[in-house]
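Hello,

Here is the structure I promised to pass on to you.

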Amino acid sequence: MTKLPTWADVVLVPLISLLLAAVISAIVILAIGQDPVNAVKVMVTGALGSPYGWGYTLYYTTSFIFTGLAVTVAYHAGQFNIGGEGQAQIGGLGVALVCLALPWPHWTLALPAAMIGAALFGAAWAAIPAYLQAKRGSHIVITTIMFNYIAAALIIYLLVGVLKPAGQMDPATARFPAGAALPTFKEIPGLGLIFRSNTPANVTFFVAIAACWGVWILLWRTRLGYSIRAFGKSEPAAIYAGISPFKMIMISMLLSGGLSGMMAINNVMGEAERLVQNSAEGAGFIGIAVALMGRNHPLGVFLAALLFGFLYQGGAEMGLWTTIPIELRLLVQGLVILFTGALDTMVRMMLGVFFRARTKGAA
Amino acid sequence: MDYATLLQILDTTVRFATPLLLACLAGLYSERSGVFDIGLEGKMLMAGMSAGAVAALTGSVWLGLLAAIAGSVLFSIVHGLASITFRGNQLISGVALNFVASGATVLVAQSLFGQGGRTPPLSGAARFNPITLPFAESARAIPGIGPFYAEVVSGHSILVYAALAAVPLTWWALYRTRFGLRLRAVGENPESVDTAGVSVIRLRYTAVMITGVLCGMAGAYMATGLQAGFGKEMTAGRGYIALAALIFAKWRPWYALGATMLFGFFQALALRPDVIKRTIGIDIPVPALDALPYILTVVVLAGFVGRAIGPRAGGIPYVKER
């Protein structure tokens, strides 16, 4: 197989994968008797055509950045963390406990505390699978899947029994105090001039951008990041260099779980303002698609999260204004994961043929 | 708990365990050949929708079953292409296909029937109906074993008996045939199989196709046996429970029967919290019962109770020459 130039590997492979996913989705839309062009129009208008649409798109983007970064950090240590969904839900539990513990006077105090709560709970949920992988060799993919289901059961148990305030019917925690409410884009000075209507996008967006930068610094500018990447590339080499596999698996998975958990400040604290069942709504799984699409680089993750934010908001609008079911989002998501993660060799082979022909032509 | 209640719960156990058993055996073939498959869930879902839709349109449950197998095998082919031919990441391929199935099933069911992603309720010949085994009614009079035969053993649909028959069949195929020997070898050490002049690619594709057929039966049973029609996300994590059962059973057919029966029993108990309370005096929360299969699997994976070690070449694509 021809080795592709770096720019083709970084830019062309994900773009062609996306194109393939889009073409197949279009064929499916045609097959169920709908108009793909109109669907795209509705999606673009609904997600990007107004500040209102952007408010939702950026809200989804924020969540996906966190879960995408979570998958990225684990990936660089050679671990496939598929448990982002459970970690995000448990992170939500951390946020809820912090927000309900004190009558917070102002969000600037509540936000750092909630971030710590979210990250600690998310990390704790990743800690057991990480430990079992590092010490007992239990396959981390399987254990993290199991922990997603255990998390869901635990949250249901807590919301139905322990955390539900007396006299409330629906299984959820009490509302968070007003002081814990995060400012949305409408309430942020300056941004409020653009985002005039109420949208769920909130200050967490900036925390997410900071997290992207932080992950980049960590992975490419620190000794720890170097060890993580070295371990992920070659375990025997890392051991030879005195890097402890146990430490690397634990640290990368705790960071990964913490990042997944941090997602909860966006949806639980910033939007719902209480903890409900299935709070992550699949964002943990979208993190896989985002990380694969973003080639496991924070900048790529940011762009891919934006793309999936668009897909989610656009898909919701499409479900509202056309007769195409909203589940199209899942199909596109699955196809993107398939082409970028599992069939990427196929895409590379296709490109390889092209590049080989080109170099021959030049010579 | 009196005997009648126990029989009732055991009857439900058998019905709940059947899709788990079929999916578990499905996963067994694939994983024994060295191809991880976490896409059992998606295949079952696709099969359930195909069975529900075709049975509703044609009125024949057998055509529904064929459609279910076709739908499931289609996913197997994609999984095979990704993980065998293009040597992609098998885990990611499985995850991806689960999402594709979640989306595609609703899209197709909605465009065909317009009932919010469901297929119309099935009845009569469009469903797999219970079969009363010979002498079930006359045997009821025999104390102890009689009611057990009539209630638990008899009165299931043909797919339940097919699933039970698949267990010894799988055992025989795996341990008493040439195919089985090669299948086990290709999951442990594909080089040796290749050196012996047997095609690794073909063996793995065969295994993945068998997985597709069995998942198709599991999905068909969900939509036309256990329930009367397909509903959105109707498999509700059963593919993952089957995967858990496969690990719990350490990739062996008879143990798979035991594991799926146990997990089916938990599901049956979760429906009757009143019985648990009366029997052991403690109120076990339903979510705890739901989580039990997953917790048990983690414990087994951790190796605290009998270590679970999968096929050695599992998850690694085979490269013939370097």
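Chain A is divided into domain 1 (1–34 + 323–363) and domain 2 (60–322), with bounds that come from an automatic or database domain assignment. The C-alpha centres of these two domains of chain A lie 28 Å apart. Their contact takes 15 residues from domain 1 of chain A and 13 residues from domain 2 of chain A, where two residues are in contact if their C-beta atoms, placed from the backbone, lie within 7 Å. On the domain 1 side, α1 (6–31) and α14 (328–342) of chain A each supply at least two residues, and α14(A) gives the most, with 8 residues. Helices here are DSSP runs (H or I, at least four residues), numbered from the N terminus. That side of domain 1 of chain A divides into 9 nonpolar, 5 polar and 1 charged residues. For this count, Ala, Val, Leu, Ile, Met, Phe, Trp, Tyr, Cys and Pro are nonpolar, Asp, Glu, Lys and Arg are charged, and the others, Gly among them, are polar.

Before going further, a word on the source: this is a predicted model, in which local features need pLDDT of at least 70 and side-chain atom pairs count only at pLDDT 80 or more, while totals for chains, interfaces and linings use all residues. Residues are numbered from 1 along each chain as its sequence is written, and chains are lettered from A and ligands numbered from 1 in the order in which they are written.

As for confidence, chain A averages a pLDDT (the predictor's confidence in each residue, from 0 to 100) of 90, and 98% of its residues score at least 70.

Now to the two chains together. Their contact takes 39 residues from chain B and 38 residues from chain A. On the chain B side, α3, α4 (90–113), α11 (238–248) and α14 (286–302) each supply at least two residues; the largest share, 16 residues, comes from α4(B). The chain B side divides into 25 nonpolar, 12 polar and 2 charged residues.

The largest nonpolar core has 220 residues, and those with the most contacts inside it are Phe308(A), Leu22(B), Ala218(B) and Ala245(B). Such a core is a set of buried Ala, Val, Leu, Ile, Met, Phe, Trp, Tyr and Cys residues joined through C-beta atoms within 7 Å. A residue is buried if 20 or more other C-beta atoms lie within 10 Å of its own, exposed if 12 or fewer, and partly exposed in between, with C-beta atoms placed from the backbone. Not counting residues up to four places away in sequence, Ala218(B) touches Pro19(B), Leu22(B), Ala23(B), Ala26(B), Met44(B) and Ala47(B).

Finally, some backbone details. Most residues other than glycine have a negative phi. Trp251(B), however, has a positive phi near 60°; this residue lies in the loop between α11 and α12 (253–270) of chain B and counts as buried because it has 22 C-beta neighbours inside 10 Å. Glu281(A) has a positive phi near 50° and lies in the loop between α11 (245–272) and α12 (283–293) of chain A. With 16 C-beta neighbours inside 10 Å, Glu281(A) counts as partly exposed.

Enjoy exploring!
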